[in-house]
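Here is a friendly walk through one protein model, from its pocket to its backbone. Please keep the sequence and the 3D view open as you read.

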Amino acid sequence: MALNCKTPNDVFAAIKEHDVRIVDVRFTDLPGLWQHFSVPANTVDAEAFAEGIGFDGSSIRGFQTIEESDMMVVPDPTTAFLDPFTADPTLVLICNVRDPVTGQAYSRDARYIAQKAENYLKSTGIADISYWGPEAEFFVFDDVRFGQGTNFGFYHIDSREGNWNSGKEEGPNLGYKPRPKEGYFPVPPTDSQQDLRTTMVLTMMDLGIQIETHHHEVATGGQAEIDMRYDSLTRMGDNLMMYKYVVKNVARANGMTATFMPKPLFEDNGSGMHVHQSLWNGDTNLFFSDSGYAGLSELGLHYIGGLLKHAPALLGFAAPTVNSYRRLVPGFEAPINLVYSQRNRSACCRIPMYSQNPKAKRVEFRPPDPACNGYLAFAAMLMAGLDGIQNKIEPGDPIDKDLYDLPPEEAAAVESTPGSLDEVLDALEADHQFLLKGDVFTQDVIDMWLSYKRENEVKPVRLRPHPHEFYLYYDI
């Protein structure tokens, strides 16, 4: 449950009130997975909030080398919640990372980068705050097996609702398995995971996350979406980490397994994370204009201009895996066209038209996927949009046609997102000055990100034979 703490003293009071036995401190590694360690509740004092608690930074992906391994986590008391999955009462605190020698915040701490992005926005005078609403999709499977060795490589996924099981003897097989690309919105029994998602939603709400909707997504085999209500940038980064934690643990508690991998199934939809975003001054939505295209202001159009101009580099953070580019493929469902449009889901930037209320006006950037580190992806998108505003980057004319059905001469004029992680990393290497403004991202972070992704993801996949290559080439 959420504890609504403001200060360390509030945390101490909550520990006493709820008979907390363990305090779990969490932070995010550079690629975007939550890391944690636990301490007895009676050892947590004011010094922990002021000075931090030590850990080995050399064992964390994208952090320190072994000769500089000592690091500190500094808990944020406003993030406190009771873990709904532990046997003994456990209070969780989300932390920032600090260098114990310099006493400074750590440059590779993604949460700190998100906080710097929010501070930079205020310093520009353009807006007071940005709001973020990611639509993270995921799959819940019943079984997954995978392995890789010198002489083999495989994966095998199964789901009770997977259409590939429509002919399986299940004693009895009751049918109602969504056909590929037809999983969007059928009621139970075809939607077999209604109760599972409801448990996820209620757990998230108990932790203080506001939820707007949940539903089955397009793919067969258990694809789902739960939509959070918009929030400020760093807070939404926190919420996304909590969201993933809840989804995975509720699935596991029900004997199932959840994944935010962008493209686990062949010949069906992948999982994206469309990100709604807007800039505000006080109660005024700066993206709204009653006379602009789709109700969008000139400032909003320039923000889109920044997103589109820097999109290839942005995807280095927003669609950051080799697997992301099994989803972002021309001619399929993913938005790869670097244009904007109202309502049109085949454009990279969409302006939703559900409501005429000025407060609802926003831009939806559609290429990202939920494998990203939300803190970094949101911060990078904000920096790209601000660059568009500062340099008055025009996004061109909107295209309100089906971009997958354009005549060849029109289609040739529409630019697309890059087709591989390798390409977007090259784009990020060439185009990242906009990220360095205000010291939001640092060159150290960019260099480490590029090195980590190339050495740990691009290179290992490039070196391994793909199973389909045996189908294509074994008899040559």
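Helices (H or I, at least four residues) and strands (E, at least two) are DSSP runs, numbered from the N terminus.

## About the model

This is a predicted model, in which local features need pLDDT of at least 70, side-chain atom pairs count only at pLDDT 80 or more, and totals for chains, interfaces and linings use all residues. Residues are numbered from 1 along each chain as its sequence is written, and side-chain values use heavy atoms, with hydrogens and water left out.

## The second largest pocket

Rolling a probe the size of a water molecule over the atoms shows where empty space is left. The search runs on a 1 Å grid over the protein atoms alone; a pocket is an open set of points where a 1.4 Å probe fits, with protein on both sides within 12 Å along at least five of seven lines, and lining residues have an atom within 4 Å of a point. Grid points are joined across faces, edges and corners, and a volume is the space filled by probe spheres set on the points.

The second largest pocket holds about 880 Å³ of space. Its lining counts 41 residues, and Glu-135, Glu-225, His-276, Arg-350 and Glu-364 are the closest to the centre. Two or more lining residues come from each of strands E7 (129-141), E10 (211-216), E11 (223-228) and E14 (273-281). Which element gives the largest share of this lining? That is E7, with six residues. By type, the lining has 16 charged, 13 nonpolar and twelve polar residues; here Ala, Val, Leu, Ile, Met, Phe, Trp, Tyr, Cys and Pro count as nonpolar, Asp, Glu, Lys and Arg as charged, and the others, Gly among them, as polar.

## Salt bridges

Side chains of opposite charge can pair when their charged atoms come close. With a salt bridge taken as a side-chain nitrogen of Lys or Arg within 4 Å of a carboxyl oxygen of Asp or Glu, the structure holds 22 of them. For the cover of each partner, buried means under 20% relative accessible area, exposed over 50%, and partly exposed in between (1.4 Å probe, protein chains only).

Asp-24 and Arg-26 meet through their side chains at 2.6 Å, N to O. Asp-24 is buried at 2% relative accessible area, and Arg-26 is buried too, at 4%. Another pair is Arg-160 with Asp-142, whose closest N and O atoms are 2.6 Å apart. This bridge links distant parts of the chain, 18 residues apart: Arg-160 sits in the loop between strand E9 (152-158) and helix H4 (194-206), and Asp-142 in the loop between E7 and E8. Arg-160 is exposed at 55%, while Asp-142 is partly exposed at 22%.

Asp-422 and Arg-462 form a bridge with closest N and O atoms 2.3 Å apart. Because Asp-422 lies in helix H11 (residues 421-430) and Arg-462 in helix H13 (residues 443-463), the pair ties together parts that are 40 residues apart in sequence. Asp-422 is partly exposed, at 25%, and Arg-462 is exposed, at 57%.

## Surface and cover

Val-144, Phe-146, Tyr-155 and Phe-266 make a nonpolar surface patch of about 510 Å². Such patches are made of residues with over 30% relative accessible area and no salt bridge, with nonpolar side chains (Val, Leu, Ile, Met, Phe, Trp, Tyr) joined within 5 Å and like charges within 9 Å; accessible areas come from the Shrake-Rupley method with a 1.4 Å probe, and for residues only the protein chains shown count as cover. Val-144 belongs to strand E8 (residues 143-149) and is partly exposed, at 35%.

Helix H7 (residues 311-318) is mostly covered, with seven of its eight residues buried, including Leu-314, Leu-315 and Phe-317. In helix H6 (residues 298-309) you will find Gly-305, which is buried at 2% relative accessibility.

## Backbone details

Most residues other than glycine have a negative phi, and most peptide bonds are trans. The bond from Gly-171 to Pro-172 is cis, with omega near 0°, and the one from Pro-188 to Pro-189 is cis with omega near 10°. Pro-172 is in the loop between E9 and H4, and Pro-189 is in the loop between E9 and H4.

Phe-185, in the loop between E9 and H4, has a positive phi of about 85° although it is not a glycine. Asn-4 has a positive phi of about 55°; Asn-4 lies in the segment before helix H1 (8-17) and is exposed, at 65%.
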